[in-house]
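I am opening my notebook on a new structure. My plan is to look up side-chain pairs and then one residue with its contacts.

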Amino acid sequence: MKYLVLLAVLAVAYGMWRNRRAKDAPVPPRHAARPPAAALPQAMLACAHCGVHVPQADALMAGNRPYCCAEHRARGPA
């Protein structure tokens with residue numbers, strides 16, 4: 001009889017331990033992660049010296065003329 005009581009106590013302790021462990025575990029996502037959205041297209045400007053197209057955000061401006069690098073900006077338009 002004492003073994004039956006010991007077995008019942010161990011079963012209850014094990015159940016409580018599993019329940020607490022399940023609550024603390026992080027919940028996995030329900031679906032696969034989506035890939036990041038593609039970046040929006042940027043305006044491209046042609047270098048006034050060599051004609052290479054660069055994104056507007058990366059272009060070096062001299063007046064209203066875009067350049068691809070500082071060297072071409074110093075040389076001026078071709």
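Predicted model: local features only at pLDDT ≥ 70, side-chain atom pairs only at ≥ 80, totals over all residues.

**Entry 1: disulfides**

I start with the rule: a disulfide is a pair of cysteine sulfur atoms within 2.5 Å.

How many disulfides does the rule give? I get zero.

Next I look at C69. C69 is in no disulfide either. Here the nearest cysteine sulfur is again that of C68, 4.0 Å away. C69 counts as partly exposed, with a relative accessibility of 25%.

**Entry 2: salt bridges**

How many salt bridges does the model hold? The count is one.

I find that E71 pairs with R75. Their closest N and O atoms are 2.9 Å apart, and the rule asks for a distance within 4 Å.

Where do the two partners sit? Both are in helix α2, which covers residues 70-75. They are four residues apart, or about one turn of the helix.

I then check accessibility. E71 is partly exposed, at 48%. R75 reaches 54% and counts as exposed, because the line for exposed is drawn at over 50%.

**Entry 3: aromatic pairs**

I count one aromatic pair. Its members are Y14 and W17. Their ring centres are 6.0 Å apart. The planes make an angle of 35°, and the pair is tilted. I can see why from the cut-offs: planes under 30 degrees apart would count as stacked, and those over 60 as edge-to-face.

Both residues belong to helix α1, residues 2-24. They are three residues apart, so about one helical turn separates them. Y14 is partly exposed, with a relative accessible area of 48%. For W17 I also read 48%, again partly exposed.

**Entry 4: H72**

I go back to helix α2 for one more residue, H72. Is H72 buried or exposed? It is buried, with a relative accessible area of 14%.

Which residues does H72 touch, leaving out those up to four places away in sequence? I list C47, H49, C50 and Y67.

Notes. Residues numbered from 1 in each chain as written. Heavy atoms only, no water. Salt bridge = Lys/Arg side-chain N within 4 Å of Asp/Glu carboxyl O. Helix = DSSP H or I, 4+ residues; strand = E, 2+ residues; numbered from the N terminus. Buried < 20%, exposed > 50% of the residue type's maximum accessible area, 1.4 Å probe, protein only. Phe/Tyr/Trp six-rings, centres within 6.5 Å; stacked < 30°, edge-to-face > 60°. Contact = heavy atoms within 4.5 Å.
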